[in-house]
Amino acid sequence: MGMAAFILRRLAGLVPTLWLVATCVFFLARFAPGGPFDREREMPESAKAALHAHYGLDRPLAEQYGRYMLNLARGDLGPSYKHPGWTVRELIGARALVSLELGLWALLVAITLGVPAGVLAATRPGSLLDRAVTGAATLGVCVPSFVLAPLLVLAFALGSGWFNVLGWETAGDRVLPALSLGLVFAAPAARLARGGMMDVRAQDYMRAAVARGLPPWRIWFVHGLRNALAPVVTWIGPAAAGLISGSFVVESIFNIPGLGKLFVSSAFDREYTMICGTVLFYAAVLLALNLCVECVMAWLNPKLRAGA
Amino acid sequence: MTAPLPAASPRSGREGATPASGAASGAIPPAPRRPGVLRRLTRDRVAVVSAAFLVFCALLCACAPWFFPENFYAAQDRQLGAVPPGAAHWLGTDALGRDLLARLLEGGRVSLTAGLVGTLVSVLIGTTYGIVAGWRGGRAGTVMMQGVDVLAALPFTLFVILLTLFLGRELIWIYAAIGAVSWLSMARIVRNETRLLKTRPFIEAAQCLGQRPARVICRHLLPNLGGVVAIYATLTVPNVMLAEAFISFLGLGIKAPMTSWGLLIKEGADAMEECPWLLVAPVAAFSSTLLALNLFGDALRDALDPRTA
């Protein structure tokens, strides 16, 4: 079976998954206590009823669900309750790019710091460098981004005044958010790169590369890394899920106008259409990303294509 | 209620089998009995230190109500305001004049309990799901595990937030919501282990003797799953605590005047410009507890893993 058929079959499998996610989130949000128009100061019942009628929230739940699913099939995610005049799709489109940029910077930080550190640690197992990297990776797991971000702000924004405390305007504003999100993920990247390299270092072709008199950086980073990267590549899927979670707090700490902030505030406000829309968007992005990772792995190893 | 170590001394089962994790077939001869798990664990200095630290923390938090007057953590003293650490208030006070040490201990009670209750829920769901999927096997088992794969691909905190929306923000429901989404890796591991154990002669013998499946599972399978379950339960505790702190930090978790380490970090981060001590103490408590839990979990895995000599 060819690559195209493999991809097509996997894509077809995504549709029921997304439908299931949409259904679960729809009903979870609807049955949650409170509603989108319960503000701190109660508005008159009649105004609330008018709003409910306007957005079709007074209809039977089954009808609302049917209508939502029909619109969803056409790619319509519904209107936003908190931003009148905007649709959920427009808002997500505007915010997703900001979050994507943050995520890519963070991934860049994680990989450019984590992978070389892991490889260097594996070149001399048991050495001081190795223990330092392993120790730092263990520490990294215990310092989540909502701990790291305030500490970085305290040191580099309030203390030294090098960066702005919040905002997303200049290039400098990218540094602290990307670091607080990315450093957390450098730890697992380093651990995986080290593990992959430890498996590879005993292989014959590595010894052959040494025998040919190649410079050490070429042996480790060209011959070794290529084969040691498989665990890191498969890790990108779960890492992206983690980055999304991390973006919720990093965006709220640095006041970045991204998708994570939109999701958290919609959860606060019970903005049903926005909750469903953002969760579906996240799910679609992650499933697509996992599919890409799977395709890369299947392309590397034809055995996987026939099996699944 | 706040003992920090769930099932710290698992039995290796009456069949004397050690969990043979990661092997592809069931044809592995049972490993010879090694020195007891507890012995191996007490010989590991890192494990002893981290366990002692965790017990100390848990006792401190559990005994806090005896050190302080009732609801002291919420008692305000607006005249006093925020003061740095000193003799009267060892860790200082916040803008409302609340004693940070009392709040830290109360928050620790909530966070550690979250870790334990959430882990308990995740162990119950994960083990049941994993055993069913592994025991049934075949198509049903594959479909069950595909469901786990799909759930694992989605962000975990997203579900916690949605579930707390649905269940409400009472403490017990937050614990349950976190537990209800953190069972995925437990289910995977238990399923793989069950599939391995199911082909072992002692299980087959019990079935041949006509024992009902429920009895075989309870009497013969479960004791042998104890090891892996203990390892992953220990490693689930920090993840559950992280999730609780995470949603509390976002303001979607524990509600004031209740507090938890996540909420204290949030309050500290908001006030760090004027009162950095409000950030430093909760961060130190939270991160060192997570570190100790992770180190202990790794040590437990090494002690139980038959592959490490």
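In the predicted model, helices α6(A) and α7(A) pack at an angle of about 140 degrees. Since angles over 145 degrees count as roughly antiparallel and 65 to 115 as roughly perpendicular, the two helices are therefore oblique to each other. Helix α6 spans residues 145-159 of chain A and helix α7 residues 175-200, and their axes lie 9 Å apart. The crossing of α6(A) past α7(A) is right-handed. On the α6(A) side, the contact is formed by S145(A), L148(A), A149(A), L152(A), V153(A), F156(A) and A157(A), and on the α7(A) side by L176(A), L179(A), S180(A), L181(A), L183(A) and V184(A). Classified by residue type, this contact comprises 11 nonpolar and 2 polar residues, with no charged residues.

The contact of α4(A) with α5(A) contains 5 nonpolar residues and 1 charged residue, and no polar ones.

Between the chains, 39 residues of chain A are in contact with 32 residues of chain B. The two chains bury about 3100 Å² between them, with 85% of this area on carbon and sulfur atoms. L28(A), C142(A) and F146(A) contribute 20% of the area that chain A buries against chain B, more than any other three residues. The number of salt bridges between chain A and chain B is 0.

Conventions:
Residues numbered from 1 in each chain as written. Chains lettered and ligands numbered in written order. Predicted model: local features only at pLDDT ≥ 70, side-chain atom pairs only at ≥ 80, totals over all residues. Heavy atoms only, no water. Nonpolar A, V, L, I, M, F, W, Y, C, P; charged D, E, K, R; others polar. Contact = heavy atoms within 4.5 Å. Buried area = accessible area lost by both parts, 1.4 Å probe. Salt bridge = Lys/Arg side-chain N within 4 Å of Asp/Glu carboxyl O. Axes fitted to C-alpha atoms, helices over the stretch in contact; angles between N-to-C directions. Helix = DSSP H or I, 4+ residues; strand = E, 2+ residues; numbered from the N terminus. Parallel < 35°, antiparallel > 145°, perpendicular 65-115°, else oblique. Left-handed = near helix turned anticlockwise from the far one by under 90°.
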